[in-house]
Amino acid sequence: MVPATITNVFSLTVVLFLTAVIVFFIGKSYIVSLSQSQGMRPHSLRHYYGIYAAAWTFIPAIIVLLMWTALTQPVIARLSQSLLLDAYPDMNSAMLQLRLAQLQNISTGLIVAPDDTMRLIADAHAELRTYANDLKFVISLLVAFAGAGFAIRQIKPEQKARIKWEGFLRRLFFVAAAVAILTTIGIVSSLLFESIRFFSQYSMIDFFFGTHWSPLKAFSSSGGQSEIDGVVQGSFGMLPVMAGTLLVAFIAMLVAVPIGLFAAIYMAEFASERTRNIVKPTLEVLAGVPTVVYGFFAALTVGPFIRDLGFFAGMDISAQSALAAGGVMGIMIIPFISSLSDDVITAVPRSLRDGALGIGSTRGEMITKVVLPAAFPGLTGAFLLGISRAIGETMIVVMAAGVSAQLTANPLDSVTTVTVQIVMLLTGDTEFDSLKTLSAFALGITLFVVTLMLNVVALSVSRRAGGRY
Amino acid sequence: MSWPCPYLGVQEAVISNPIKDMSADERLHLISVSLNKRHRKEKQLKLAGLAAITLAIGFLVVLMTNIFSNGYTALLQSEVRIDINVPKAEILGADGAIDIQKSQAFNWNGLVKKSFRAGFPDVKGMSDRRMLNDLVSENAGYELRQAIEKDPSLIDQSSFWVKTSDDVDMLLKGRIKTTLPEKLRRIKDSQLVWINQLEQKNDLRKVFNTAFFTNADSREPESAGILGAIVGSAMVLMITIIIALPLAVMAAIYLEYFAPPGRLTDFIEVNINNLASVPSIVFGLLGLAIFLGFFNMPRSAPLVGGMVLALMTLPTIIIATRASIRAVPTSIRDAALGVGASRMQAALDHVLPLAAPGILTGTIIGIAQALGETAPLIMIGMVAFIVDVPTSVTDPATALPVQIFIWSDSAERAFYERSSLAIMVLLIFLISMNLLAVFLRKRFEKRW
Amino acid sequence: MTNPTKLSTHDLNVFYDEKQAINNISMAIESNKVTSFIGPSGCGKSTFLRCFNRMNDVIPACRVEGQIMMGDQNINDQKLDPVLLRARVGMVFQKPNPFPKSIFENVAYGPRIHGLVSSKSETADVVEDSLKRSGLWNEVYDRLHDPATGLSGGQQQRLCIARAIAVSPEVLLMDEPCSALDPIATTIIENLINELQERYTIIIVTHSMQQAARVSQNTAYFHLGHLIEYGATKDIFTNPADPQTEAYISGKIG
């Protein structure tokens with residue numbers, strides 16, 4: 001058995017890297033002696049032959065190593081799962097999950113096996129892991145040596161080492177660029193996969209048009225309720241959640257748009273260079289404050305403040321309200337709106353301003369009657385991006401908006417949003433089978449599609465503005 | 001004229017033009033009438049802009065003041081002096097050194113509480129004694145044990161400063177109003193009397209809150225610290241940089257130098273731009289479903305957190321890197337190509353070093369954004385209550401912003417104060433990162 | 001034949017920060033004539049033109065010293081409201097710059113902001129008359145409410161002229177109005193200038209000497225911020241007094 005300190009990914013990477021460094025020097029001196037003995041100048045600079053050999057040593061081995069590491073976990077889990085199922089034939093899925101977790105803990109020595117069967121399986125489990133680790137060590141080193149041997153045999157003066165290496169790099173760079181595509185595919189497929197599982201158990205119409213959202217509690221008087229495995233599930237009508245999301249976003253825009261827009265107008269049209277240089281970075285600080293800080297401010301200062309105000313006015317307002325969350329979210333979005341609007345306004349060409357002033361407009365008329373109408377599509381784009389941000393924002397609403405799903409337009413009510421529900425449903429124990437966790441993914445894909453559409457529309461609206469001047 | 005002229009001539013004005021028909025004086029008078037009003041409107045617009053900026057900056061000031069005024073008191077921690085005689089026989093082994101086994105079995109907390117109660121011989125009755133006990137931290141015994149095990153000479157000391165409970169701490173810092181009716185207070189009237197007695201005996205003091213910077217999370221606010229969260233954040237960011245920076249640089253070089261114009265390249269660009277505006281929580285869902293669900297990676301681990309945040313910050317860094325590559329004049333690339341370098345050599349050996357400061361600046365800004373990110377980390381379970389400082393990237397851990405979230409959700413008033421201080425620490429990190437970026441940008445601005 | 005003086009400058013100096021763009025220029029512009037400013041690029045002719053309706057105020061670094069008289073008023077007096085001045089001295093720019101509104105709205109813009117029209121029918125009359133006088137009416141009368149940006153470059157420039165004359169200014173400044181246009185559109189505008197001169201005092205900056213010769217009665221030649229020569233167009237072109245002017249006109253510099 002190879003000691004674990006060597007078989008962990010990090011030290012194995014170091015081992016492979018050192019091997020590659022050695023191979024680099026071997027390759028380099030090999031080409032020197034080869035070209036001397038054959039009396040032939042090598043095609044490329046000699047260090048390229050070293051790099052070529054080292055790359056063949058390191059890269060295939062590291063790929064094998066990473067793949068092995070990533071795949072052994074799920075494979076071992078499958079194997080132990082089948083072992084467990086053999087040992088305890090009549091187990092429900094929750095019990096299986098529990099025992100799997102137990103196995104993990106027994107084999108790492110955290111807990112003692114509760115019975116003999118479990119101990120046997122745990123031993124088998126641990127043995128499997130040791131096997132996998134040893135094999136990982138052996139195989140990745142084997143691959144490294146094979147690569148080195150292959151590359152060194154290839155080395156000869158007429159070989160175009162640099163061209164090959166650069167061709168490889170180019171392909172590698174392409175793969176790096178394609179990670180963006182892979183990420184999108186990852187997002188879409190993971191959201192879609194779980195959502196399809198959700199919709200196979202829950203009616204799509206009930207989800208999108210249902211007016212009752214109570215995923216955690218059994219709810220018997222609504223039609224949007226279903227029964228699976230004898231357990232009464234909650235109901236998942238997302239309209240109240242969507243309504244809450246839109247209410248909070250609306251309040252946020254009510255704060256952010258006027259303040260952001262007027263600030264941008266002042267900065268673009270009235271402020272001196274010096275004022276701009278001070279105010280712009282200051283507003284950027286507002287944009288750099290983490291959302292959890294805004295959430296903290298909303299939940300522990302603004303919310304209670306509104307509640308106390310309501311108390312004096314004789315109203316019973318909860319400390320968690322759409323107004324607190326939306327208002328603070330608006331503050332967060334101000335710099336976003338103001339900097340985008342500033343860009344759009346300053347992009348209105350000089351000639352239009354000259355035209356307006358030349359006919360005798362005041363500066364104010366120039367702004368309100370010529371510059372702003374000209375900038376209108378760009379400004380619309382900025383506002384749409386702001387809305388998309390407000391809808392996707394999580395921490396402020398998690399901390400300050402509340403969790404009660406209700407169809408309301410009253411800003412003083414506590415509401416819940418799509419992001420709050422995703423967090424609520426997925427924190428704590430997460431097993432992928434329950435309808436409750438699957439519904440979070442259905443909410444997730446709704447959120448993704450809505451924000452994506454807003455971004456696309458915003459982009460096309462402001463792009464259309466480009467040809468107007 | 002050599003070209004045909006389609007000009008049809010000025011058409012006769014058959015209609016009356018009221019403006020043309022006015023005399024010049026009439027016209028000027030008409031304009032002057034409304035002129036003041038027009039200038040007033042312009043001033044109003046300017047004032048509205050000024051008001052908006054003042055409001056926005058005002059919000060910033062209120063936010064910062066609020067956090068500072070709530071947080072600075074957490075730098076201090078109240079302690080109470082208790083006369084304690086440590087029973088050596090129950091702790092020392094035969095060789096006169098501390099016997100860890102015996103020490104572990106010994107009821108340290110009982111000793112502290114008993115010694116504390118000895119200072120108040122008049123207090124009788126179960127409930128009064130419990131209220132008296134509540135003045136001292138629940139962790140006082142544990143911390144006394146740690147101190148003595150670390151420095152056995154302390155065992156001869158007859159009096160010790162131990163932490164008060166968080167409620168006493170809050171009272172001494174003025175965060176609990178004694179004017180409130182007793183029912184609404186966490187410190188009762190009888191406790192106030194005892195605290196007064198302690199104050200008169202000079203048995204209360206406030207010292208620098210070291211535990212806040214050297215401990216990980218705890219159930220007791222007076223023992224809770226941010227070290228675990230800071231280490232967790234550092235690990236997350238390290239993973240983020242290791243993954244995102246090379247990927248971003250390679251992708252940017254590809255897109256700027258090698259990408260053939262066409263559908264695939266366009267598609268990559270569209271994807272990068274769209275990913276930049278996907279809500280962060282969606283990246284959390286991705287991490288949950290793919291990294292945890294499919295690859296069975298460990299929950300709550302900085303490794304996974306770093307991977308998720310790397311994917312999230314990737315577009316930001318790619319966009320910044322491309323901008324700084326593009327800012328390097330093409331003449332430099334052309335010069336390299338002109339002396340016979342390959343495209344790859346020109347990109348890697350000549351353009352990349354010149355673009356490095358810009359790339360670094362973009363990376364720092366992307367990393368600062370990742371440092372403040374909370375929602376995706378919550379999704380992959382980094383929101384757990386963890387009392388140990390993580391030692392590897394696969395250990396369960398939390399991160400600084402998540403720690404703030406956890407604390408601000410807690411009922412104790414003392415956690416409110418501590419999360420404010422944690423926010424101050426987070427903001428200090430963020431501000432220094434941004435200042436570093438600004439400094440780098442200034443330092444390396446346009447050398448050609 | 002000389003007409004009365006409409007505008008005159010006295011020792012006018014213009015600075016951009018420390019750099020002097022216009023040196024001590026004193027000249028008088030005749031009313032109801034076309035005066036053209038010519039000279040090599042960067043000679044300050046546009047800067048000088050923009051002094052007549054204080055458009056240089058917009059540029060923070062720009063400082064104008066000296067007197068510009070219009071009637072008995074110094075229009076370079078900072079106390080004078082440039083808004084009022086610009087209603088009297090209209091301007092047409094190098095690049096056609098119609099507002100992103102309809103054709104109608106473009107022309108109606110000036111009369112409306114200055115409060116010169118009080119009813120819809122009045123506005124419509126002013127718009128129609130201005131478009132007719134700028135020779136655009138026949139081309140656009142059936143699409144007055146289409147966006148102005150849909151017009152061709154030459155049409156756009158005539159629209160800008162219509163927009164400027166809609167408020168019936170006394171003076172019309174034109175800053176290279178044809179430089180962005182094709183030859184046909186240029187001819188149309190030049191003919192239009194000839195028609196407009198009856199009612200307006202026109203100053204036109206041009207880099208084309210042929211254009212100056214075709215449209216103007218008076219010509220001023222500028223070089224490096226100095227006024228070199230000023231007089232009747234036909235004299236300048238046939239018999240320049242200054243060797244620099246001669247060199248420019250014969251194509252040796254410029």
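A: Axes here are lines fitted to C-alpha atoms, for helices over the stretch in contact, with angles from 0 to 180 degrees between N-to-C directions. The model is predicted, with local features needing pLDDT of at least 70, side-chain atom pairs pLDDT 80 or more, and totals for chains, interfaces and linings using all residues. Residues are numbered from 1 along each chain as its sequence is written, chains are lettered from A and ligands numbered from 1 in written order, and side-chain values use heavy atoms, without hydrogens or water.

In chain B, helix α12 (residues 302-327) and helix α14 (residues 343-371) have axes that come within 8 Å and cross at roughly 145°. Helices are DSSP runs (H or I, at least four residues), numbered from the N terminus. The crossing of α12(B) and α14(B) is right-handed (near helix turned clockwise from the far one by less than a right angle; left-handed if anticlockwise). On the α12(B) side, the residues in contact (heavy atoms within 4.5 Å) are L309(B), M312(B), T313(B), T316(B), I317(B), A320(B), T321(B), S324(B) and I325(B). They meet residues of α14(B) including the glycines G358(B), G362(B) and G366(B), along with V351(B), A355(B), I359(B), T363(B), Q369(B) and A370(B).

Chain B also pairs helix α16 (residues 400-408) with helix α17 (residues 413-443), their axes coming within 9 Å and crossing at roughly 160°. Therefore α16(B) is roughly antiparallel to α17(B) (an angle over 145 degrees). α16(B) passes α17(B) in a left-handed crossing. From α16(B), L400(B), P401(B), I404(B), W407(B) and S408(B) take part. Their partners in α17(B) are F415(B), R418(B), S419(B), A422(B), I423(B), V425(B), L426(B) and F429(B).

In chain C, the axes of helix α3 (residues 103-113) and helix α6 (residues 153-165) come within 7 Å and cross at roughly 30°. α3(C) passes α6(C) in a right-handed crossing. I103(C), N106(C) and V107(C) of α3(C) make this contact with L159(C), A162(C) and R163(C) of α6(C).

Definitions and conventions:
Helices (H or I, at least four residues) and strands (E, at least two) are DSSP runs, numbered from the N terminus. Angles under 35 degrees count as roughly parallel, over 145 as roughly antiparallel, 65 to 115 as roughly perpendicular and the rest as oblique.
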